[in-house]
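Subject: Structure for you to look at

Hello,

Please find the structure below. My notes on it follow.

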Number of protein chains: 2
Amino acid sequence: MAKIKAALNGTIKDVITKKAAGLFRKKGFIATSMRELAENMGVEAPSLYNHIGSKSELLQNICFKIADEFNNHLQVTETSQQTIPQKLELLIRFHIQMMLQVFDEVYVANHEWKHLKEPYLGNFLLQRKSYESRMVKLITSGIKNKALKNIHPHVAVLTILSAVRGLEFWQRHKKEVTVEALENNIVDHLLNGLIKN
Amino acid sequence: MAKIKAALNGTIKDVITKKAAGLFRKKGFIATSMRELAENMGVEAPSLYNHIGSKSELLQNICFKIADEFNNHLQVTETSQQTIPQKLELLIRFHIQMMLQVFDEVYVANHEWKHLKEPYLGNFLLQRKSYESRMVKLITSGIKNKALKNIHPHVAVLTILSAVRGLEFWQRHKKEVTVEALENNIVDHLLNGLIKN
DNA sequence: TCCAAAAACTAATATCCGTTAGTTTTGCAT
DNA sequence: ATGCAAAACTAACGGATATTAGTTTTTGGA
């Protein structure tokens with residue numbers, strides 16, 4: 001049988017993980033079998049175990065790589081010299097870009113994390129909670145600044161985070177709008193609303 | 001073994017379906033076994049088949065019952081005598097109420113529909129597409145009216161629909177805010193934005 | 001060209017899955 | 001009390017699952 005080829009900028013393990021992310025997104029983690037993943041790689045299922053530790057490990061790698069990217073970006077944004085609304089805009093734009101650039105991985109991290117095993121599950125949820133509460137702090141500062149309306153900050157965070165997830169459904173309409181227009185639309189909607197003044 | 005008791009306002013099948021919705025939400029459709037569902041009902045797995053046709057049928061019932069509720073409400077809203085922004089507000093409020101009142105079922109319809117079998121899968125996706133495009137029409141009218149900003153209507157619909165889904169994560173924070181405040185916050189955020197004028 | 005290491009293969013294991021068949025128990029109406 | 005229908009039970013089916021063990025093939029460097 002044909003061998004798996006390593007990508008130019010990554011190991012064979014990376015290639016397998018990338019393909020796994022695609023399948024996990026389309027069919028879900030549990031519904032994706034190792035045999036199916038192997039077939040997609042042009043190989044028998046047991047051969048995968050020359051490169052990876054387990055099916056669970058694939059999910060872990062996907063989820064935590066994405067979590068790291070978001071945490072790092074939040075860290076940079078927090079410490080940057082910007083107004084609160086500018087920081088919010090940066091965060092929203094980053095979420096949109098991640099959604100468009102590594103769609104499968106972000107989708108899996110958003111939806112399939114529940115199949116992580118302990119202690120990874122607990123760790124992952126902790127990171128999420130921390131990310132959320134740092135955004136809440138940001139918005140709370142903005143309200144004190146009088147830069148933002150006196151809205152419930154936790155509700156605002158959930159609304160923003162969920163709204164950017166909406167790009168899951170955008171994949172079907174990619175051609176209708178440029179990436180810039182898409183970003184600008186969503187940022188404007190979330191920061192300035194839909195209704196004309 | 002103890003018998004399953006019918007609820008006051010529903011058959012035994014309804015009780016099983018309700019419990020299934022809870023498990024499907026927590027663990028996912030595929031990861032939920034009929035043995036596990038049976039255990040939760042205090043019964044052996046084969047006994048369930050005295051009341052239901054199959055595992056798939058449970059998922060179908062959940063998804064299409066929710067789809068019907070949303071379609072009916074949209075129909076009523078469309079034909080009501082209201083301004084476009086008022087209609088949008090009604091839709092957003094209905095989504096929030098459904099999310100809070102039949103959380104498990106809405107969650108399953110939102111996330112587990114991909115495990116529906118044909119022809120149910122195709123039918124379901126068609127209904128979703130139709131719902132979306134009716135919302136696009138509504139927003140397009142609002143833009144022509146100059147009631148709404150000249151935003152890309154499809155993007156706005158995805159943003160709104162995704163934002164209300166955010167209440168998935170709200171379940172943990174239920175006590176912090178009243179339902180009315182929650183609704184008002186989200187409606188105001190989506191229609192008028194976050195930034196003070 | 002040859003040899004070691006990498007990576008493929010086949011075979012097999014134990015476990016779980018949804019569902020069916022056949023049987024026994026339960027509970028209500030007569 | 002009795003009998004019938006509803007609903008529980010046990011046993012079992014065929015098939016799919018992730019993974020391991022052991023073996024063969026492929027590949028790239030000396």
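How many helices and strands are there in chain A? Chain A has eight helices and zero strands, where helices (H or I, at least four residues) and strands (E, at least two) are DSSP runs, numbered from the N terminus. In sequence order the pattern is α-α-α-α-α-α-α-α.

Some conventions. This is a predicted model, in which local features need pLDDT of at least 70 and side-chain atom pairs count only at pLDDT 80 or more, while totals for chains, interfaces and linings use all residues. Residues are numbered from 1 along each chain as its sequence is written, and chains are lettered from A and ligands numbered from 1 in the order in which they are written.

Chain A overall

Along the principal axes, the C-alpha atoms of chain A fill a box of roughly 65 × 40 × 30 Å. Of its 197 residues, 32% count as buried; a residue is buried if 20 or more other C-beta atoms lie within 10 Å of its own, exposed if 12 or fewer, and partly exposed in between, with C-beta atoms placed from the backbone. Two residues are in contact if their C-beta atoms, placed from the backbone, lie within 7 Å. Among contacts in chain A between residues at least 6 apart in sequence, 67% join residues at least 24 apart.

Helix packing

The axes of H1(A) (residues 12–27) and H3(A) (residues 55–78) come within 10 Å and cross at roughly 90°. Axes here are lines fitted to C-alpha atoms, for helices over the stretch in contact, and angles run from 0 to 180 degrees between N-to-C directions. H1(A) and H3(A) are therefore roughly perpendicular (65 to 115 degrees; under 35 is roughly parallel, over 145 roughly antiparallel, the rest oblique). Thr17(A), Ala20(A), Ala21(A) and Phe24(A) of H1(A) meet Leu58(A), Leu59(A), Asn61(A) and Ile62(A) of H3(A).

The axes of H3(A) and H5(A) (residues 103–111) come within 9 Å and cross at roughly 100°, which makes H3(A) roughly perpendicular to H5(A). On the H3(A) side the contact involves Ile62(A), Cys63(A), Lys65(A), Ile66(A) and Ala67(A), and on the H5(A) side Glu105(A), Val106(A), Val108(A) and Ala109(A).

In chain B, helix H6 (residues 120–144) has 25 residues and reaches 36 Å from its first C-alpha to its last, close to the 36 Å expected at 1.5 Å a residue (1.5 Å times one less than the number of residues). Met135(B), Leu138(B), Ile139(B) and Gly142(B) of H6(B) are buried. The buried residues of H6(B) pack against helices H4 (84–101) and H7 (153–165) of chain B.

Between the chains

42 residues of chain A are in contact with 41 residues of chain B. H7 (153–165) and H8 (179–192) are the elements of chain A that give two or more residues to this side.

The largest nonpolar core has 86 residues, of which Val164(A) and Val164(B) touch the most other members; such a core is a set of buried Ala, Val, Leu, Ile, Met, Phe, Trp, Tyr and Cys residues joined through C-beta atoms within 7 Å.

Backbone points

A cis peptide bond joins Glu118(A) and Pro119(A), with omega about 5°, and Pro119(A) lies in the loop between H5 and H6 of chain A. Lys146(A), in the loop between H6 and H7 of chain A, has a positive phi near 65° although it is not a glycine. Lys146(A) counts as exposed because it has 9 C-beta neighbours inside 10 Å.

Regards
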